[in-house]
Amino acid sequence: MPERIGTTVTKHIVGMQRGFPEASGDFSALMNELVVAGKVIHRAVTKAGLVDVIGKTGETNIQGEEVQKLDDFANIIMIQKMDHTGLLCAMASEEIDDIIEIADKHPQGGKYTLAFDPLDGSSNIEANVSIGTIFSVHRKISDAPKGTLEDFLQIGRKQVAAGYIIYGSSTMLVYTAGQGVHGFTLDPSIGEFILSHPNIRTPKKGKIYSVNEGNSHKWDKRVNDIINYFKTDDEATGRPYSSRYIGSLVADFHRNLLYGGIFMYPGDAKNPNGKLRLLYEASPLAYICEQAGGGAISDGENILDIVPTELHQRVPLFIGSRDDVEICKRFLADGK
Ligand code: AHM
Ligand code: MG
């Protein structure tokens, strides 16, 4: 008997769209192109130790960080895979200063925008740590055929879809289109993402806290109090929590999504808005987290309600299990 192949991501996306008889099929097509881009990046990441794609290009990106070759590669793949689909009016990448226009030679008139972090956690590449691609899709709202900044500066709650591909011990795609969160594992033998985690629900309360504690000397009292709270021994509330921090957002987030917990990248004295970007990291992960029953705030405000003011805006991020986010919110509001 041949083994039964599970539900592919393509079939799943089409199935979900059946609930919307007015859907044109554009959204499914967009998602399917993203899936292919993810597979191509997966192929490069898994070959990273074999071919000469590791290392620095010597250039710096908009954030002033050194760009590694695989970031460059992933960025180019995302652009090349998506620019000729006719589905997008424009794109924005963490690696590129301005909006990426769709060249005139490609079909125009796309009704969606795509913002992405092509390879998050890239400082970990050489140590074989899990890294990921994060994406966020909005509907175009401006009248400009090629899209404008306005189309990207929309609140996270208006996302049409968000997801990530994590290149880990296996490669997984996790996405939401507003109907729950679904996870697919890549079966390399057939080159398909197969539904492995339907309708992911994150535990209401976790046992893990994830933060770069090396920054504690720069945090204000409220943030130090939050971390001390999670570390304090109290059997009744299931404390202390365990500390887990990879330093690769997709990997830290994915683990906490499945096991429960809280990931934090707060603002500090040097960087009041922390490190992570609203459009490419915080907002898509917040949408996924909320759809899975969790939550996400910046300094008290729901991430999905923040009106972005610039493309590469950074925000403090507290994201994870709902009860744990509430605890952070309380400390941030009144310092106790
Ligand atoms: P990147 O987008 O340049 O890879 O940076 C973002 C990464 C996240 O994956 C991770 O959560 C964070 O930086 C870790 O930062 P730090 O090393 O300051 O703890
Ligand atoms: Mg990043």
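In this predicted model, Leu-70 is buried. Its relative accessible area is 2%, which falls under the 20% cut-off for a buried residue. Leu-70 belongs to helix 3, which spans residues 69-82. Leu-119 stands 49 residues away from Leu-70 along the chain.

In total, 17 residues surround ligand 1. The closest are Asp-120, Gly-121, Tyr-245, Leu-249 and Tyr-265. By class, the shell comprises seven charged, five polar and five nonpolar residues. Both domain 1 (9-197) and domain 2 (208-334) take part in the shell. Each of these domains contributes at least three residues.

For Tyr-265, one of the closest residues to the ligand, the separation between a side-chain N or O atom and a ligand oxygen is 2.6 Å. For Lys-275, a polar side-chain atom lies 2.9 Å from an oxygen of ligand 1. For Glu-94, the corresponding distance from a side-chain N or O atom to a ligand oxygen is 3.1 Å. On its own, ligand 1 has 470 Å² of accessible area. The protein covers 85% of that area.

Notes:
Residues numbered from 1 in each chain as written. Chains lettered and ligands numbered in written order. Predicted model: local features only at pLDDT ≥ 70, side-chain atom pairs only at ≥ 80, totals over all residues. Heavy atoms only, no water. Near = heavy atom within 4 Å. Polar contact = N/O pair within 3.5 Å; in protein donor to acceptor, adjacent residues only side chain to side chain. Areas by Shrake-Rupley, 256 points an atom, 1.4 Å probe, with all protein chains shown as cover. Nonpolar A, V, L, I, M, F, W, Y, C, P; charged D, E, K, R; others polar. Domains from an automatic or database assignment. Helix = DSSP H or I, 4+ residues; strand = E, 2+ residues; numbered from the N terminus. Buried < 20%, exposed > 50% of the residue type's maximum accessible area, 1.4 Å probe, protein only.
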